[in-house]
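Please look through the structure shown below, and then read the short report that follows.

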Amino acid sequence: MIRLEKRPQPSRAWSMATPLVAVLATMVMGGLLFATLGKNPVEAIRTIFWEPVFGEFAFYYRPQLLVKGAPLVLIAIGLSLGFRAGIWNIGAEGQYIIGALTGAGVGLAFYPMESWIIFPLMVLAGAFGGWAWAMIPAVLKTRFGTNEILVSLMLVYVAEQFLASMSLGLLKNPEGFGFPGSRNLQQYASAHNGEIIAGSGMHWGVVAALIAVIFAYILLNRHMLGYHIRLTGEAPRAAKFAGVKPARLVLFCLGTSGALAGLAGLFEVSGPSGQVSIDFNVGYGFTAIIVAFLGRLHPVGILLAGALMALTYIGGDIAQGNLGLPSAAIQVFQGMLLFFLLAFDLLTNYRIKLGTEGAL
Amino acid sequence: MSTPPLLTIEGLTKAYPGVVANDHVSFTIGTGEVHALLGENGAGKSTLVKMIYGLVKPDSGRMTLRGAPYEPAEPRAARADGIAMVFQHFSLFDALNVAENIALGMENPPPLRDLAARIREVSETYGLPLDPFRTVGDLSAGERQRVEIIRCLLQDPKLLIMDEPTSVLTPQEVQILFQTLRKLKSEGTSILYISHKLEEIRALCDHATILRLGKNVGECIPAETSARDMAELMVGTALKTPERGVREFGDVALDISGLSVPAPSAFGTALKNVHLTVRRGEILGIGGVAGNGQDELLSVMSGEVTCARDAVKFDGAPIGHMGPTARRALGVLTAPEERLGHAAAPDMSLTENALLTGSVREGLERNGFLKWGATRAFAEKIIQAFDVRTPGPDNAARSLSGGNLQKFVIGREVLQRPEVLVVNQPTWGVDAAAAASIRQALLDLAAGGAAVICISQDLDELMEISDNFAALNEGRLSAPRPTAELTVDEIGLMMGGAHGMEVAHV
């Protein structure tokens, strides 16, 4: 019989190794999955993990990694602060949408004026929009004790309806021949979040994501607020004893994650996507939850996890195109990654013992 | 005693990773004998009785029950062989009534009405009156213990194991329990009585086996052995009694008046019109059975629960509205009972745990940025000054034994030079030597001019160190009285007497 025995303290080695082991296990099981679908598993895995970075068309895919990875990292960093403290913002997707709408809205309000001040104003508006949307579950939780998981999640669907209404109404391009969707911000120089170095994929969102990683790292490791966040997650009663005010922490964590998600939305709408449209959001807000956990809620881990996730997205797309793998298989593959990560995570705190010795 | 042996234990050994819990333990329990198992926390008493009760399998050794080999695979097998056990921590559902709780533990429970009749019958026979239809959540600790005892007695056991049964009882309730146990003994039931309270063992038990660090270090007849000799067998060294010294009382440091706080949860305790004052240099002992408002009183003093401004005063200034951080800045420090999860974060290192309460007074932060170097130095200072056994301050709090973590938690507050220190159960689960050093630290603190409040369920501890004594009973605090003038009976009455329990006269 196999049983688990709690370690006296968390194993540092396993804590570092689990993401790698999880990726390896995902490769093995994913390979089996692809094999049963009649594809060459080695070829499929190679396409997903190798092709985007070192393949023939890598010059095209590498910038895409940054474009896909940046919003994931930016949102996941915000979420990880709350997750560390046991505050569950599941609605980053909604805050992402609202941030894009408020940011783009500010930009479009200035059209066609050109000024350097417009883009910074849009950035502020995007962050504000996401922050405000996240304040709804935060205030409801601190005032009335509602569950932030439910409220933030449901507000995603409200935000989606709002997005549809905006792209069909207020923000619709007046010169767009009646098609839904706003003006293309890529064609409006003052509002365009263009590449900082041509061909690199590096836009302001990537810069913001890197800054967020550094700030989160300093906050969690060097600042009292970060210590209180960790303490609240590990032992809520001890946190209260230490003098942490839970309500203040809820407002901070939800607000910060909302603002970062709003920023991600703004950088996306003013850059790679270019316009507000009905199907503008593609699930970054939800995938970022996986990225946050895959990165073990650690800023540097999230940076790596965001890169890995972007890789499976792009590699998955290539595999769909080149090998004819169904998109559902790619989603299963991504799901496996989270599953194995959480499963192997157990080994950080427990060790496996064989035999029935001493079992109850 | 010349009674025939009921249970013989020979060479029982059980090792856990890193520790040998029992090392070739042997003893014999006679029929109708009350046998004491004496030892400090961590001496291996619990492991031993778990093996007898079938919860843990021994690595080696033999048990013989009434002449036949006895190897229980699980508690059910042990119960079938007539062995019953009352645990220190009750396994009862608050929301169900007594009869329902007892039915849940039975293999084939009879209809509730028949069961209730049997509960009444057994409870009256053994002097343990109990209404089978009362909700367990409303019962006192002593009454809950009765539920557990009656649950055992319904099985008609040959051997009843009782794990620290008096830790939740007032002195009066202890007397009632002892009468019941003596009656059981007179009917031929053997009792294995686990405790570290020597006077109880001397009053009740026929034989005692003393365990130290998993080894059987001696046997004695308690009635013929002095408590001091037994204590020294148990601890292994001569005991040092803390020095009280002579102290002068100064001004009133902490003043609580007319404090009422509603219960934090359905089965919590509301504090009702609590008054207390403690002067500099004074140690106020607060006794009482667990669950009578101890946690609630501590959280009002720590600032985790705030109240009316004037209900709590420090040096005459109102602090009732202040949170924990503001109170620490003034010098009002506390150490809660629950070490893991309340006083310390289990998965955080000792350094991080030193920061938990030390940041304000030890200056461990500047503009919100943490000084890890200073924090680590503070943690090392605690470890050294309070002899905390750990490889270093980077180890997680949960890797420490309970006693060592307790030393760390108390040391963390004591070293911050408190003006007022409130501790709850400061020596719970701590070995005798460490307990003595913690008590000494509290006495030294008072001698240095701090006001100390010691909330404890260990009456001996309170008698030893406190100048004045008050008791909590259902959220009310009795008026403090000088400890030296009190008798055990008076203390028991302050704690609520027998909580409305009485002995059925048989």
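## Domains of chain B

Chain B is divided into domain 1 (5-235) and domain 2 (252-494), with bounds that come from an automatic or database domain assignment. The C-alpha centres of these two domains of chain B lie 32 Å apart, and 13 residues of domain 1 are in contact with 13 residues of domain 2, where contact means heavy atoms within 4.5 Å.

## Basis of the model

This is a predicted model, in which local features need pLDDT of at least 70 and side-chain atom pairs count only at pLDDT 80 or more, while totals for chains, interfaces and linings use all residues. Residues are numbered from 1 along each chain as its sequence is written, chains are lettered from A and ligands numbered from 1 in the order in which they are written, and side-chain values use heavy atoms, with hydrogens and water left out.

## An open sheet

In chain B, 4 strands form an open sheet in the order β12-β11-β14-β15, with antiparallel pairing; strands (E, at least two residues) and helices (H or I, at least four) are DSSP runs numbered from the N terminus, and two strands pair if DSSP finds at least two bridges between them. Because β12 (271-279) and β15 (317-318) of chain B each have a single partner strand, they stand at the edges, and one side of each is left without a neighbour in the sheet.

Strand β11 (residues 252-261) of chain B pairs with strand β14 (residues 312-314) of chain B over 3 bridges in the antiparallel sense, and Lys313(B) in β14(B) is the bridge partner of Asp255(B).
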